[in-house]
Every structure is written in C-alpha cells, then in structure tokens.
Amino acid sequence: MSLFQPLPPYKIVSRDKTLDLSSPHVMGILNVTPDSFSDGGQFNAVDKALTHCQKMIEEGASIIDIGGESTRPNADTVATNDEIQRVVPVVQAIRQQCGNDIWLSIDTSNPAVMQAAFEAGADIWNDVRALKREGATAVAAELDIPVMLMHMRGEPTTMNDLAQYDEVVSDVTTELLARIQEVTSLGVKQEKIIIDPGFGFAKNYDHHCALLSQLEQLKVLGLPMMFGISRKRFLAEVLSKSDVKAVANTQAVERDAVGTAAGIFALQQGASIIRTHNVAMMQQAVALWHQLSTYHGR
C-alpha cells in the first residue's frame, strides 16, 4: 500500500463558501501580537500584517490564521478590547485588499473577539481551548461557523503540569470525542468541526513522538484534522537529541525544515490542514505529497 493515500472527502462550509479538504491546505500563521514565541512584534501593525498576509497568499496559503493573543506557556492574558483592536482591523484590511477567496481563521478563545471578527469577514474559529470559555459554544452555534477544537488540558499557565497520560494517543482521542459530544449537544453542528490534536499543549517529548507516529488513529473521530507543530519546542528537542545542536540552539525559525517533515508525516496520516510559519517551504512539500498521492503511473 502506498504511503501517499488521498485525503478523505471532507468539506467545510462557512456562509456561502465551501472549503474542499479532500486536497491539503496550507494555513499561514499571522500573529498580530507583541509577544508570540516565534514572531511576536513583527506583524502587529496593520500595514505589516497585510504585507505578510499577501506574501503568504502568493506562496500558496489558502487559509490565514490571525491571532491576537499569545498562547505560549505563561503568556499574559489580553483584555477583550485589546484583542479586538489587534484582530479586527487586520481582517478588514485583508478582506479589502485580498478579496473573499482567501479563508480567514481567528486564533482566539474569546467569543466576543470571534463575534467581532466574524462580522468583519472571518470564516473559521480556531480555539485552543475548544470552546470552553463562558459563552463560546453558544456564539459558535449562533454564528454557525466552522470551529477547530484543539486538545489541551488546563491553561497555558498550568498545562505543562497536566502532561500525564495513561496512553497519550488513546487519551487525546477520548478527550477530543468528549468535547465534540459536549459542543454538539449545545448546538454546534458536527459537520462544522475540525479537530486539532494539540501539539505543544500539555504534552512532553515522548507524548509528541507517540502522537505524531500514530496520528492516523484519530481518524476514528470521523472529522477533518488540522496539524500545527510549526517552530514548537518539540522540534528543537528532536534536533538536539539527534545531535543537530547547531540548529537546535538557534532561533525558532531554524526549526522550519524539521517542522515541514512533520507536516508531511501528518498528511500521510490524514491531516487536511497544515498550519505553518513558513508557507513557501511547506507548500513545496505539500505539492510533492499531492502529486504522489494522486499519481497513477503512465
């Protein structure tokens, strides 16, 4: 059996748009924050954010994930009005300059922020807390918006203390299923849900290795999957354990090659969306994977 199997025929609908997930999509990261771990402060002005967004679209991103609050370990909480002021002008500028074809995802757990961003033209809610904030599930159901539910335990300030599992792949699957059942019971449509196994959140090195090598087991949930590992500490640990210390000890941007390889492993196991800081590198790898997955010989 070929390693390059086609993706399941999932589709996600937002308003009058349909995102066909039977082909892989690259999601470009646009942090409009002063303190994100990799690129904080680089794109937190509207003109800089728009320029970077246009660059990622040219490089092949079909989804832009806009975040106004860092979720790195021990990150400061951002006031609602501050997060709205960071995110909404960027959504408006992208819509004005780039049109309606590009999909805009909002990386937030705050329902008020998502409401404002949706009204400005956002298409997807990417929530690392899986709609656990007060009022989040009700807003997601009311907006009828696609939602990415990520696996995490606790909060960024406590998650590392909660990285204890009987069997990480089974536990992550079970906990995601419980969350899916909870939000659908409160009005969120199952066909609007995308799952995210939560790399970098409440998991240690061994957990990440097990999860990445057995990601296909999450197919039992029957939902499309987003994979986000770009520039995270696990990648530096991989390089360090492999004696690639010259790379492991440098800036997060130096982890892009190993992160791209991880993205291909995720595609092979059924992930439909790969979230990345380096769109050009990931898009080239995805193009090769897509050609091989649809190749029938000549």
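A crossover is right-handed if, with the strands pointing away from the viewer, the path from the first strand over the helix to the second runs clockwise. Helices (H or I, at least four residues) and strands (E, at least two) are DSSP runs, numbered from the N terminus.

This is a predicted model, in which local features need pLDDT of at least 70, side-chain atom pairs count only at pLDDT 80 or more, and totals for chains, interfaces and linings use all residues. Residues are numbered from 1 along each chain as its sequence is written, and side-chain values use heavy atoms, with hydrogens and water left out.

Select β6, helix α4 (residues 136–143) and β7: together they make a right-handed β-α-β unit. Strands β6 and β7 (residues 147–150) run parallel and are joined by 3 bridges; two strands pair if DSSP finds at least two bridges between them. Trp125 has Val147 in β7 as its bridge partner.

Asp107 stands opposite Asn126 in β6. From β5 the chain passes through helix α3 (residues 111–120) to β6, again as a right-handed β-α-β crossover.

Finally, show Arg15 and Phe118: Arg15 lies over the ring face, 3.8 Å from the ring centre (the criterion is NZ of Lys or CZ of Arg within 6 Å of the ring centre and within 35 degrees of the ring normal). The charged end of Lys17 sits over the ring of Trp103, at 4.7 Å from its centre.
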